[in-house]
Amino acid sequence: MSDKNHDPNQMTGAAMIVRALKDHGVKHLFGYPGGAVLPIYDEIFQQSDVEHILVRHEQGAGHAAEGYARSTGKPGVVLVTSGPGATNMVTPLTDALMDSIPLVCITGQVPTHLIGNDAFQECDTVGITRPCTKHNWLVRRIEDLPQVLHEAFYVATTGRPGPVVVDVPKDVQFATGTYHPPRKSDVHVSYAPRVKGDAAQIRKAVALLAGAKRPVIYSGGGVINAGVEASKLLRELVAATGFPITSTLMGLGAYPATGANWLGMLGMHGTYEANMAMHDCDVMLCVGARFDDRITGRTDAFSPGSKKIHIDIDPSSINKNIRVDVPIIGDCANVLGDILQVFKAEAKKPDVKAWWQQIATWKARNSLAYKKNNDVILPQFAIQRLFEATRGKDTYITTEVGQHQMWAAQFFGFDEPHRWMTSGGLGTMGYGLPAALGVQVAHPDALVIDIAGDASVQMTMQEMSTAVQYELPIKIFILNNQYMGMVRQWQQLLHGNRLSHSYSEALPDFVKMADAFGCVGLQAIKPGDLDGAIKEMIKVKKPVLFDCRVAALENCFPMIPSGKAHNEMLLPAEANDEATAAAFAGGKALV
Amino acid sequence: MNQPASAYFLEEQKTPNETHTLSVLVANEPGVLARVIGLFSGRGYNIDSLTVSETEHQKHVSRITIVTTGTPMVIQQIKHQLDRMIPVYTVVDMTLTGRSIERELAMVKVRGSGEPRVEALRLAEAFRARVIDASTESFVFEITGNTTKIDQFIDLMKPLGLVEVSRTGVVAIVRGPEGM
Ligand SMILES: Cc1ncc(C[n+]2csc(CCOP(=O)(O)OP(=O)(O)O)c2C)c(N)n1
Ligand SMILES: [Mg+2]
C-alpha cells in the first residue's frame, strides 16, 4: 500500500457509512436529507446497492424502519439530519426501545468545532437520545467511525435488540480515513449478552413443568425477536407438554391462533380463559415477556398460587414487577431448545385433563362475543370480515393505537410470527401507517394492511405520499368511529362519561384525501358494503385509504378494570351500565 | 387509600428500604457518567452519594461508587440496569459482600475564637482530623472515615462555628486479597 490513493480502504466518513451499510447487508434505508447529512446523501446518490426510501417526516422513517425490522428480523436503518431531524426521531427510537426492535439510526451533526455553540440545527443528539436508545455514540474522530458503525449494528441486533444512534458531525463525514470491515474487536468487551441458559435452572424448570397440574405458558415479543426458530421450539414444547398457551400483544403469532392449545391473548383486553388460566395456574412458564402492567393487573393479586419460570435475555426484566421462582437468563430459542431436550429425555406428558376441562368452562363464557347488528358495522365484525378475506394470503398487519388495535389483536388470527406489527410498549398513535410502508418495502408482493383508527391515522398520514412515490400498495383500513374511541371508553367508564376532547371533530373526507394523494379511496357504511369493498381493497395494486364507518360508541371488552385482578374481568355480556359502574366504582374504592 | 380513576394500578410501597453501596467498573468514555446518572433520575432511583474517578489509566477504566436506597427488589433492578449498559464491565454490591470498607473524606471549615476554638481543635484530635488550614479565627479540618463518623464530626462542629463542608462521597473496596 505505498500509494495511498490506491488503498481501497481509504475513504471519507460519508463513504464509510454507506460502505458499512453494505457490509452489514443493508438493502433499504429510510431517511430524510438536510444540511448535516449532505455528504452521506451524495454517497447514496452514487451507488445502487442500498436503496433509500424518502419519507415525509422523520418519525415516519423511524416507524417504517421498525416495521421493516419486525417483519424481517433484520435491523431497520434510518438516516436523518441534525437538530429537528434528530428530535423527530425521538418517538420511534423510544418506541423501538420499549418493544425491543433493532434500529440503527445515523444522524448528522454540526461540525465538531461548532458543537456546543448553539449552531444552526444543532441539538445535543446523544444527550436527547441517551434515554431512548440501547446505546449511542457521538463520533468525533474519523479514526473511530468504522469501529463505531460496526459496533452499532452489533449492539442493535444482539442480546435484547434495541435502537442505537450514531451521531456523525459533518467534518467527520468529509474527513478521510481508513475503513475496515466488521471484526470481533469492534465491540466493547463489557458487552456480552448471555445466550445460553443455566443448566441447573433449566432442570428446575423442567421439574416444575413435569409436575404441573394447572400449567400455563405465557409468551411474549421476545420469542418473536429470537427468530423463527424460537417460535418453532415454542410450538414443539406446547405439543410435547400439552399445556395451554397464551401470549402478550407483542407475542401474537409465535404460537398459531388456530393451534389447539391457544387461549387467546392475555392482559387488560385479553380473553377470559387466558386471564383466568394465568390467575389459577400452579406453574407459569413465561417466555420472552416482561410482566408489564397491562398484563398483570394488580400485582399483589397476580397469579397468587403459581410457581413462576421466567426466560429472558435481559436480566433486568427478571423480578422487576413480579417475583419469579426460576429465572433463566438466555436467548429464548436457546433456552427453549434446552428445556425441550431435557423434558423429552426425562419427563413424561403431565396429566392436565382436569385443567383443560376447567379451561373449557371459562372458554364457554365466550368473552369476545358481541351483539350482531344489521344496520351499522361493528368494528369487531369488520375485523373478522377482513381476516376472512385475507385468509390464505401472504398477509402482514400493522396497527395504530386504540380500540381498533385491541380488536385487531382479539379478532385477527395470526398463525405465523413476524406478521403482526404494533406499538405495544409505548402505544404510539401514528405507528401503523409508516410501519406498513416499511413492511411493504421488505415484502413487495405481500398484502400489508394497517388496521387504523380515525384519530391515529391523521398523525402520520403524510406518508401516503411516500407510498405513492415508491408504489407501495399498503392498505390503510380505518375503523372510523369518529372518536378517539379508547379515550372515550375510559372517559365513559372512569370520568362520568364527560367526553372531554375525544370527539374526532372536522374529520377529513378520507376518500377525497386518497384522491388527493393519488391513491385509492374506498368506503363502507353498511354491513352489506363490507365484503365487496374489502375485496376491492385487496384487489387494487395501489395504496388504499379505506374509510370503514363503524359504530361510534362500541366499547372494547372484555376488560380488567384498573386496580383489579385477572379473575375480576368485566365480560361483554355482563357489561351493562350497572355492572360497569360497579366494577369501576369498586376499583376506585379498593385501592 | 382511594385510588383515583386511573388506567394504572397504583400500589403503595410496603417493603422497607435498604441502603446499599455499589461499585461499578466502567469504560472511561464520554457520557458514561451521564448514562449512569440518567438511569437513576429516569427510573426514579435514589442517589445518596456518587463518586467517580479513573482508576486504571491504561485500560481506560473508571470506578464509580454509588450509595443508593430502595427496596431489595429495586436494588436488584438497579444492579441489573447498570450491568446491561454497554460501557459497564461489572457491578458489585459491596453491602452484600459483607466485607467492604467504606471511606469518605471531608473538609470542614470552622470559625471561632476562645473556648469554642480550643474545643473544636480538641474534638478534631479525638476524631483524628488534621488541620490543613488555619487562620487566627478559623480552621479547615480534613477528616476521613465512614459516613457516620463524618456526620457525627460535623454535628459536633455545628455549635462551635461550622462555616461549610465539602465531602467527596463514599468510596469502597472489599477486604482481602481479591479484586472485583
Ligand atoms: C401519540 C399518542 N398520543 C396520545 C395517545 C393516547 N391515546 C391512546 S388511544 C387514543 C385514541 C385513538 O383514537 P383512534 O385512532 O380513533 O382509535 P380508536 O380508539 O377510536 O379505535 C389516544 C388519544 C397515544 N396513544 N399516542
Ligand atoms: Mg377512532
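Let me begin with A:Asn481, where a polar side-chain atom lies 3.0 Å from an oxygen atom of ligand 1. Please keep in mind, as we go through this, that what we are looking at is a predicted model.

Taken on its own, ligand 1 has 590 Å² of accessible area, and the protein covers 76% of that.

Which elements of chain A give two or more residues to the shell around ligand 1? They are α17, which runs over residues 403-411, and α20, which runs over residues 485-494, and the largest share, three residues, comes from α20(A). In total 17 residues surround the ligand, and among the closest are A:Gln403, A:His404 and A:Gly485. If we sort the shell by residue type, we find eight nonpolar residues, eight polar ones and one that is charged.

Now I would like to turn to another residue, A:Asp95, which sits in helix α5 of chain A, residues 90-98. This residue is buried and yet has no salt bridge. How far away is the nearest side chain of opposite charge? That side chain belongs to A:Arg70, and the distance is 8.8 Å, whereas a salt bridge would need a side-chain nitrogen of Lys or Arg within 4 Å of a carboxyl oxygen. What the side chain of A:Asp95 does make is a polar contact, at 2.5 Å, with the side chain of A:Thr428.

Notes: Residues are numbered from 1 along each chain as its sequence is written. Chains are lettered from A and ligands numbered from 1 in the order in which they are written. This is a predicted model: local features need pLDDT of at least 70, side-chain atom pairs count only at pLDDT 80 or more; totals for chains, interfaces and linings use all residues. Side-chain values use heavy atoms; hydrogens and water are left out. A residue is near a molecule or strand if one of its heavy atoms lies within 4 Å of it. A polar contact is a pair of N or O atoms within 3.5 Å; within protein, one must be able to donate a hydrogen and the other to accept it, and residues adjacent in sequence count only if both atoms are side-chain atoms. Accessible areas come from the Shrake-Rupley method with a 1.4 Å probe; for residues, only the protein chains shown count as cover. Helices (H or I, at least four residues) and strands (E, at least two) are DSSP runs, numbered from the N terminus. Ala, Val, Leu, Ile, Met, Phe, Trp, Tyr, Cys and Pro count as nonpolar, Asp, Glu, Lys and Arg as charged, and the others, Gly among them, as polar. Buried means under 20% relative accessible area, exposed over 50%, partly exposed in between (1.4 Å probe, protein chains only). Lys and Arg count as positive and Asp and Glu as negative; His and the chain ends are not counted.
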